[in-house]
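Please keep the model open while reading the points below.

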Amino acid sequence: MSSPLLLKLTDGKMTEENFKMLFEVFTKLAAKKKYITSNQNDIKLIIDTLIEYLISVKDNKDTKYFDIFMQLNMIKEIIGLTSENNRIINIAVFKGFALLLSNLSNHDQLLYLFSNNYINRLLCLPYDNTDTDFVYYYINFIKSLVMKIDNKTVNYFFNNKFYLYNMLKLYYN
């Protein structure tokens, strides 16, 4: 959190109030669709910081940030922003969710992430497969996701199309 914007917003402290406030700033920036490109670096930085908050509790017993994440339905807002097809923001989302998945061990939190088809929306997001940076983070996200799937969570990925399997087939070899 070394950005002047974030230091100004949070005083460099990780608190529940700052977490909520960062999300509020995020939603205001994201709501201005025609200014997404001009705000992309701030939005990316806020996504990175929100994910940092979520993984800051190492033992996963203190769920205060994740509880706020769920209460405010942050996943919907963050993943919803990927429909703007902004490369920088989409990379931040895939990078952030790969990191989040890798660091979560609380099964209830995983179930929340997998519910409501949000992860499937990320999987079927159209992208430029010649963009090596994006593909790198996309594959990283898929790897993190696959490591968290078990016999209880796999059902979240079966709907009309099995997006996860289809995406894995594209990159096999």
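1. A definition comes ahead of the details. A residue is called buried under 20% relative accessible area, exposed over 50%, and partly exposed in between, using a 1.4 Å probe and protein chains only. Lys44, with a relative accessible area of 29%, is therefore partly exposed.

2. Some ground rules. This is a predicted model, in which local features need pLDDT of at least 70, side-chain atom pairs count only at pLDDT 80 or more, and totals for chains, interfaces and linings use all residues. Residues are numbered from 1 along each chain as its sequence is written, and side-chain values use heavy atoms, with hydrogens and water left out.

3. The overall make-up. The chain has ten helices and zero strands. Helices here are DSSP runs of H or I with at least four residues, strands are runs of E with at least two, and both are numbered from the N terminus. The chain has 173 residues, and 42% of them count as buried.

4. Contacts along the chain. A contact means heavy atoms within 4.5 Å. Among contacts with a separation of 6 or more, 69% are between residues 24 or more positions apart.

5. How do the axes of α3 and α6 cross? They come within 9 Å and cross at roughly 5 degrees. The two helices are therefore roughly parallel to each other. Axes are lines fitted to C-alpha atoms, for helices over the stretch in contact, with angles from 0 to 180 degrees between N-to-C directions. Angles under 35 degrees count as roughly parallel, over 145 as roughly antiparallel, 65 to 115 as roughly perpendicular, and the rest as oblique.

6. The residues of that contact. On the α3 side they include Ile43, Lys44, Ile47, Asp48 and Ile51. On the α6 side they include Ile89, Ala92, Val93, Gly96 and Leu100. The contact of α3 with α6 divides into twelve nonpolar, four polar and two charged residues. Ala, Val, Leu, Ile, Met, Phe, Trp, Tyr, Cys and Pro count as nonpolar; Asp, Glu, Lys and Arg as charged; the others, Gly among them, as polar.

7. Another pair to check. Glu52 is in helix α3. Glu52 counts as partly exposed, at 33% relative accessibility.

8. How many salt bridges does a search of the whole structure find? The search finds four. A salt bridge is a side-chain nitrogen of Lys or Arg within 4 Å of a carboxyl oxygen of Asp or Glu. Side chains of opposite charge can pair when their charged atoms come close.

9. Two bridges within helices. Lys28 and Glu24 meet at 3.2 Å, N to O. Both lie in helix α2 (residues 16-31), four residues apart, about one turn of the helix. Lys28 is partly exposed at 49%, and Glu24 is partly exposed at 42%. Lys44 and Asp48 form a salt bridge at 2.6 Å, N to O. They are four residues apart in helix α3 (residues 36-55), so about one helical turn separates them. Asp48 is partly exposed, with a relative accessible area of 21%.

10. A bridge between distant parts of the chain. The side chains of Arg87 and Asp131 meet in a salt bridge of 2.5 Å, N to O. Arg87 is in helix α6 (residues 87-103), while Asp131 is in the loop between α8 (118-123) and α9 (132-148), 44 residues apart. Arg87 is partly exposed at 39%, whereas Asp131 is buried at 14%. Salt bridges that share partners join Arg87, Asp131 and Asp133 into one network.

11. Two loop residues with positive phi. Asn73 is not a glycine, yet its phi is near 50 degrees. Asn73 lies in the loop between α4 (64-71) and α5 (74-80), and is partly exposed at 25%. For Asn116, phi is near 60 degrees, again a positive value in a residue other than glycine. Asn116 lies in the loop between α7 (107-114) and α8. With a relative accessible area of 53%, Asn116 is exposed.
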